[in-house]
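Welcome! Have a look at the protein below, and then we will walk through some of its features together.

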Amino acid sequence: MSLFGFGGKCEICGCTEDNPCYNPKHGLCGWADDKRTICTHCADKEIAEDPETEHCVNDSIEAQVIHLSREGMTIEQISDELGLGETYVAKIVKRDSEGGEQ
Ligand SMILES: [Zn+2]
Ligand SMILES: [Zn+2]
């Protein structure tokens, strides 16, 4: 449970410093409390309810990579498509094919 003991993890959306939320007007989220249990994009009602707020951006990038690789696209094609580094894409695809590690 305390994998993110140093960096914290938002209890609402599950974001971390490596996997933050993004809003075009407010940028990336930060911590709204000292204990790092809630992020600014969940604590601020206005941002939380903004449809443009995207929580845990890395998750959605990973989800897209996994989706495309399952569609049969190669790592090279996916990295072109999403503008990501091939090493990064390869890592996500490998983890997905191995059934995921916690
Ligand atoms: Zn949050
Ligand atoms: Zn957040």
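Helix 4 (residues 75-82) packs against helix 5 (residues 86-97) at an angle of about 120°, and their axes are 9 Å apart. That angle makes helix 4 oblique to helix 5; angles under 35 degrees count as roughly parallel, over 145 as roughly antiparallel, 65 to 115 as roughly perpendicular, and the rest as oblique. Axes here are lines fitted to C-alpha atoms, for helices over the stretch in contact, and angles run from 0 to 180 degrees between N-to-C directions. Helices (H or I, at least four residues) and strands (E, at least two) are DSSP runs, numbered from the N terminus.

Which residues make the contact? Helix 4 brings I75, E76, I78 and S79, while helix 5 brings E86, V89, A90 and V93; two residues are in contact if their C-beta atoms, placed from the backbone, lie within 7 Å. By class, this contact of helix 4 with helix 5 has five nonpolar, one polar and two charged residues. Ala, Val, Leu, Ile, Met, Phe, Trp, Tyr, Cys and Pro count as nonpolar, Asp, Glu, Lys and Arg as charged, and the others, Gly among them, as polar.

## About the model

This is a predicted model, in which local features need pLDDT of at least 70 and side-chain atom pairs count only at pLDDT 80 or more, whereas totals for chains, interfaces and linings use all residues. Residues are numbered from 1 along each chain as its sequence is written, and chains are lettered from A and ligands numbered from 1 in the order in which they are written.

R36 sits in the loop between strand 2 (27-28) and helix 1 (40-43). Its phi is near 60°, a positive value in a residue other than glycine. C56, in the loop between helix 2 (45-48) and helix 3, has a positive phi near 50°.

Is C56 buried or exposed? C56 is buried, because 22 other C-beta atoms lie within 10 Å; the cut-offs are 20 or more for buried, 12 or fewer for exposed, and partly exposed in between, with C-beta atoms placed from the backbone. R36, with 19 such atoms, is partly exposed. T74, in the loop between helix 3 (57-70) and helix 4, is partly exposed with 13 C-beta neighbours inside 10 Å.

## Two domains

The domain assignment gives domain 1 (1-55) and domain 2 (57-97), with bounds from an automatic or database assignment. Their C-alpha centres lie 24 Å apart. Six residues from domain 1 and four residues from domain 2 form the contact.
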